[in-house]
Amino acid sequence: MDKFVVKGKTQLNGTISVRGAKNAILPMIAGALLVEKGEFIINKVPDKRDIRNLVNLTELLGAKSRFDASEHTLTINAENLSYAEAPYDVVRKMRASFLVTGALLSRFGYARVALPGGCSIGARPVNLHIKGFERLGAKISEEKGYISARADRLKGETIYFDRPSHTGTENIMMAAVNAEGTTRIINAACDPEVKSFADFLNSMGAKIYGAGTPYIMIEGVSALSPTEFNPIGDRLEAGTYLYGALITGGDVEVSGVDPQHIEFPILKMREMGAKIKTTPTSIRLRMRGKPKSINLTTFPYPGFPTDLQPMAMTAATICDGTSYIRETVFENRFSHVMELLRLGGIITVAGDTATVTGTEKLHGAEVMASDIRAGAALTLAGLVAEGKTEILRVYHIDRGYEKLEEKLSSLGASIERTQQ
Ligand code: EPU
């Protein structure tokens with residue numbers, strides 16, 4: 001297992017670009033399974049472990065794929081798909097594997113996929129996905145930890161989500177693209193990645209309207225064809241670098257991202273004292289002095305993203321005054337708190353709210369990454385901590401970042417990847 005060794009008291013300066021958004025590319029990989037003939041090309045694909053894991057799953061199902069990590073293109077051909085079953089061994093590594101359910105059900109009228117189970121950020125059930133498949137006419141059964149979905153022909157229906165679900169919305173879109181008639185999803189997830197995925201499906205010949213809003217309408221079509229597609233830039237990776245600049249008092253410009261996709265975090269970074277300038281494809285953040293305290297609540301898009309909450313909390317640990325950070329999307333996304341305490345952060349948690357009292361300085365220690373974003377936030381904390389910080393279980397970070405240590409080093413950080 002790898003770990004990061006971070007030497008503290010550095011500042012991030014310079015320019016950096018982001019590639020395609022992981023959370024848009026994952027459903028696209030599953031979406032390529034919908035089509036019986038031809039080759040898909042997805043551009044701007046970063047080399048992230050979650051992407052490789054899902055590609056491996058599609059290969060296990062019989063698809064042929066080629067990932068050119070230097071050109072960042074992924075080619076998928078699902079002509080010879082022979083299985084409609086996703087085993088637990090793969091799904092447990094990455095919950096997004098459950099995305100193949102909608103595609104397989106749509107293509108074969110049958111899918112058997114392991115239930116993902118909980119993970120370190122929460123229980124994360126898939127009841128909304130299942131309820132949606134049932135509304136479209138699928139018969140669902142559950143046995144030995146697997147969900148089986150069957151339908152001779154899916155039929156368009158209106159689906160109400162009790163709460164917006166990102167991958168739930170994507171799964172239902174895939175099930176509905178070939179269904180008979182029209183499907184409406186009400187209270188759909190509005191994330192830019194969901195919109196980018198709908199654009200991908202539309203470029204295949206699907207008829208999806210309203211993606212990016214809470215009301216999505218999908219008219220079933222009889223045939224889809226392969227496509228070449230450019231996903232949107234990764235707003236969460238961009239946000240990570242921007243928080244890095246904010247925390248270290250630096251000056252960083254991130255390109256390849258649409259600032260409208262992270263409007264709320266930009267607002268909160270400005271409240272902390274950052275000077276931010278944007279163009280349609282880049283964001284530059286300059287920070288001088290200590291950050292100011294903030295109050296922040298995570299919400300589904302367009303609210304403040306839960307995925308940037310750990311970075312915002314890291315910034316709050318070194319700010320002037322007391323910050324209140326409330327997490328409403330996942331019930332357990334505070335696993336970084338105990339680790340920030342090890343670095344000298346002053347944080348108490350009551351229910352869904354963390355109270356963070358700014359301190360003069362953090363100090364280096366050994367900490368553990370428990371999920372992608374917590375790991376990235378701890379790496380940023382290491383940049384400002386005095387002395388040496390070691391981040392264990394870097395494989396979590398690799399799931400969502402492409403060589404984070406090299407990217408941050410290119411901006412002036414001192415980070416090495418070594419064996420744990
Ligand atoms: N939920 C249910 N029932 C469901 C589905 C979701 O109760 O059937 C609940 C979840 O437990 C959670 C909330 O609804 O409390 C929102 O979950 P959502 O379904 O939106 O999350 P997801 O689709 O599993 C995606 C991203 C996550 C990101 C969340 C929230 C992908 C592959 N994953 O997960 O990304 O945090 O949306 O925006 O798109 C990451 O990239 O590090 C990551 C965890």
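Visitor: What makes you say that the structure holds zero disulfides?
Guide: The term asks for a pair of cysteine sulfur atoms within 2.5 Å, and the structure holds zero disulfides by that rule. Before we go on, this is a predicted model, in which local features need pLDDT of at least 70, side-chain atom pairs count only at pLDDT 80 or more, and totals for chains, interfaces and linings use all residues. Residues are numbered from 1 along each chain as its sequence is written, and side-chain values use heavy atoms, with hydrogens and water left out.

Visitor: Why is Cys190 called buried?
Guide: Buried means under 20% relative accessible area, exposed means over 50%, and partly exposed is in between (1.4 Å probe, protein chains only). Cys190 has 14%, so Cys190 counts as buried. Cys319, at 2%, is buried too.

Visitor: What makes the contact of Arg333 and Asp371 a salt bridge?
Guide: A salt bridge needs a side-chain nitrogen of Lys or Arg within 4 Å of a carboxyl oxygen of Asp or Glu. Arg333 and Asp371 have 3.9 Å from N to O, so the pair qualifies. This pair links distant parts of the chain, 38 residues apart: Arg333 sits in the loop between strand 19 (322-326) and helix 11 (335-342), and Asp371 in the loop between strand 22 (366-368) and helix 12 (372-384). Those helices (H or I, at least four residues) and strands (E, at least two) are DSSP runs, numbered from the N terminus.

Visitor: Are these two partners buried or exposed?
Guide: Arg333 is buried, because its relative accessibility is 4%. Asp371 has 8%, so Asp371 is buried as well.

Visitor: How do you know that Arg417 and Asp398 form a salt bridge?
Guide: Their closest N and O atoms are 2.8 Å apart, which meets the salt-bridge rule. Here too, distant parts of the chain are linked: Arg417 belongs to strand 24 (residues 414-419) and Asp398 to helix 13 (residues 395-400), 19 residues apart. Arg417 is partly exposed, because its relative accessibility is 28%, whereas Asp398 is buried at 13%.

Visitor: What makes Lys407 and Glu402 partners?
Guide: Their side chains meet in a salt bridge, at 3.5 Å from N to O. Salt bridges that share partners join Lys407 and Glu402 with Arg19, Lys48, Asp234 and Glu237 into one network. Lys407 has 15% relative accessibility, so Lys407 is buried, and Glu402 is buried with 7%. In total, the salt-bridge count comes to 28.

Visitor: Why is helix 4 called mostly covered?
Guide: Eight of the nine residues in helix 4 (residues 100-108) are buried. Among them are Val100, Leu104, Leu105 and Arg107. Just after helix 4, Gly109 takes a positive phi of about 75°.

Visitor: Why is Gly351 called exposed?
Guide: Gly351 has 71% relative accessibility, so Gly351 counts as exposed. The loop between strand 20 (346-350) and strand 21 (353-357) holds Gly351.

Visitor: Which residues does a cis peptide bond join?
Guide: Tyr301 and Pro302 are joined that way, with omega about 10°. Pro302 is in the loop between strand 18 (295-297) and helix 10 (309-317).
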